[in-house]
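Please open the structure in your viewer and keep the selection tool handy. We will go from stop to stop, with a few words on what to look for at each.

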Amino acid sequence: MQKTPKGMRLHIGIFGRRNVGKSSLLNALTRQTVSIVSNVAGTTTDPVEKPMELLPIGPVVFIDTAGVDDSGILGDMRTAHTKKIFDRTDLAIIVTTGNYWGPFEEELATEFTERSVPIITVFNKADLETPSDELVQKLELEKRAVVKAIATEAGGIFDLREAIVRQAPQDIINSPTIISDLIRPGDLAILVVPIDKEAPKGRLILPQVQAIREILDSDAYCMVVKERELRDAFQKLNSKPAIVVTDSQAFLKVAADTPKDVLMTSFSILFARVKGNLSEFVRGAMVIDKLKPGDNVLIAESCTHHPITDDIGTVKIPRWLTQYIGGRINFSHSQGHDFPDDLEKYKLIIHCGSCMFNRREVLSRIMYAKRAEIPITNYGLAIAYSLGIFERALSPFPNVLEMYRKLKK
Ligand SMILES: Nc1nc2c(ncn2[C@@H]2O[C@H](COP(=O)(O)OP(=O)(O)OP(=O)(O)O)[C@@H](O)[C@H]2O)c(=O)[nH]1
Ligand code: SF4
Ligand SMILES: [Mg+2]
């Protein structure tokens with residue numbers, strides 16, 4: 001279970017002032033010494049991540065953060081390290097002690113409420129002092145679960161685990177499926193996987209493996225081919241597949257070799273549903289028509305690999321977009337958890353499929369884009385749009401296709 005990809009785990013962040021017992025709480029939850037505990041305030045400086053299996057939720061990752069002492073500092077942190085953890089937090093544990101709930105705790109709670117992230121408040125060091133009934137009632141009225149704990153003795157840990165299960169957001173736990181809603185038992189799905197310089201040696205990449213697994217779980221079957229063999233594969237089949245899913249880079253060839261009455265899309269379009277929001281990304285892709293030479297476009301990638309020759313993010317998408325627009329666009333790039341604060345200067349954000357991120361982090365980025373009123377789309381949709389096969393690529397999703405056609409009018 002430790003091998004479950006991090007992007008599929010429920011991310012539980014532990015926040016609070018220095019020395020309140022955040023690291024002690026993580027150690028008690030995991031029954032291991034994961035994070036260093038000491039009576040010196042400021043012991044945890046960098047976030048500590050601990051993946052584990054939390055039944056009945058399943059795979060989660062706890063993130064212990066550095067403590068901060070006042071709300072002023074929180075302002076700075078928003079643009080710094082901790083903001084990145086806010087962005088990927090699905091469930092927030094705010095730790096305080098005794099009967100104390102001050103402006104810093106309230107500011108943290110407001111930040112998460114604005115993000116629709118559920119909150120559990122932990123009053124730790126309950127062996128020394130416990131919160132008043134009035135304070136507990138006030139917090140519970142605001143839908144914030146309250147747990148009293150003695151982290152050093154694992155006191156209240158059972159209550160905390162229970163609160164985590166109760167507060168865990170359902171849309172994250174039951175995140176949208178990759179492909180299983182598009183196929184029925186006995187159906188055939190064809191997956192087109194180019195083996196080019198970008199393909200990792202000796203293995204398939206995560207979205208491909210996850211799609212294969214879901215097809216098997218659906219009692220359907222799948223055929224995996226390179227784009228060059230697709231036409232031949234079709235000739236050998238005696239019935240049509242339910243769907244063809246390709247790497248977006250092979251879109252044009254696969255569209256040409258797939259019969260028109262067979263549904264076709266790409267892995268990153270499937271992942272727009274799983275990790276982001278397909279309708280939002282469709283609206284974003286439509287902005288490509290409004291781009292003009294000289295505009296700024298941000299290409300954001302969740303991986304931190306070094307780009308290789310003919311890399312999709314640095315070479316292919318810029319080339320296809322430039323051809324479509326007929327002039328030079330200024331492309332900027334971001335990688336991993338880094339994401340620019342000054343989104344206003346961009347006309348469009350094009351994001352990768354984000355298979356390495358949890359859904360919350362992509363939803364946070366959509367939220368930032370919305371706040372800045374900047375459209376956002378993803379690789380597959382941007383490629384399909386600039387290659388003129390957008391409707392074809394949306395064929396498996398009739399509702400979204402209908403929305404697109406209405407918007408287009
Ligand atoms: N009495 C009592 N002491 C506790 C409890 N939980 C933690 N402590 C002590 O409080 C001190 C701080 O604990 P940590 O877990 O390091 O606190 P932290 O919030 O991670 O601190 P920073 O990383 O510095 O922000 C340590 O000396 C712990 O032993 C508790 O429930 N009761
Ligand atoms: S760049 Fe994005 S889509 Fe591609 S492997 Fe990395 S996280 Fe997944
Ligand atoms: Mg700590």
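Which residues surround ligand 2? Select E301, S302, C303, C352, G353, S354, C355 and M356, and you have the shell, where a residue belongs if one of its heavy atoms lies within 4 Å of the molecule. Before you go further, note that this is a predicted model, in which local features need pLDDT of at least 70, side-chain atom pairs count only at pLDDT 80 or more, and totals for chains, interfaces and linings use all residues. Residues are numbered from 1 along each chain as its sequence is written, chains are lettered from A and ligands numbered from 1 in the order in which they are written, and side-chain values use heavy atoms, with hydrogens and water left out.

**The shell of ligand 2**

Color the shell by class: four residues are nonpolar, three polar and one charged. Here Ala, Val, Leu, Ile, Met, Phe, Trp, Tyr, Cys and Pro count as nonpolar, Asp, Glu, Lys and Arg as charged, and the others, Gly among them, as polar.

C352 is buried at 13% relative accessible area, whereas C303 is partly exposed at 26%. Buried means under 20%, exposed over 50% and partly exposed in between, using a 1.4 Å probe and protein chains only. A search of the whole structure for disulfides (cysteine sulfur atoms within 2.5 Å) finds zero.

Helices (H or I, at least four residues) and strands (E, at least two) are DSSP runs numbered from the N terminus. S354 is buried, at 2%, and its phi is positive, about 60°, although it is not a glycine. Most residues other than glycine have a negative phi.

Next, jump to K125, in the loop between β5 (119-124) and α5 (133-141). K125 also has a positive phi, near 60°, and is partly exposed at 31%.

**A helix pair**

Select α1 (residues 22-30) and α6 (residues 157-167): their axes are 10 Å apart at an angle of about 85°. Axes are lines fitted to C-alpha atoms over the stretch in contact, and angles run from 0 to 180 degrees between N-to-C directions. The helices are therefore roughly perpendicular (65 to 115 degrees).

Show side chains: L25, A28 and L29 in α1 meet I157, L160, R161 and I164 in α6, with contact meaning heavy atoms within 4.5 Å. Six of these residues are nonpolar, none is polar and one is charged.

**Last stop: I183**

I183 sits in the loop between α7 (170-173) and β7 (188-192) and is buried at 7%. Leaving aside residues up to four places away in sequence, I183 touches I215, S218, A220, A242 and I243.

How values were computed. Parallel < 35°, antiparallel > 145°, perpendicular 65-115°, else oblique.
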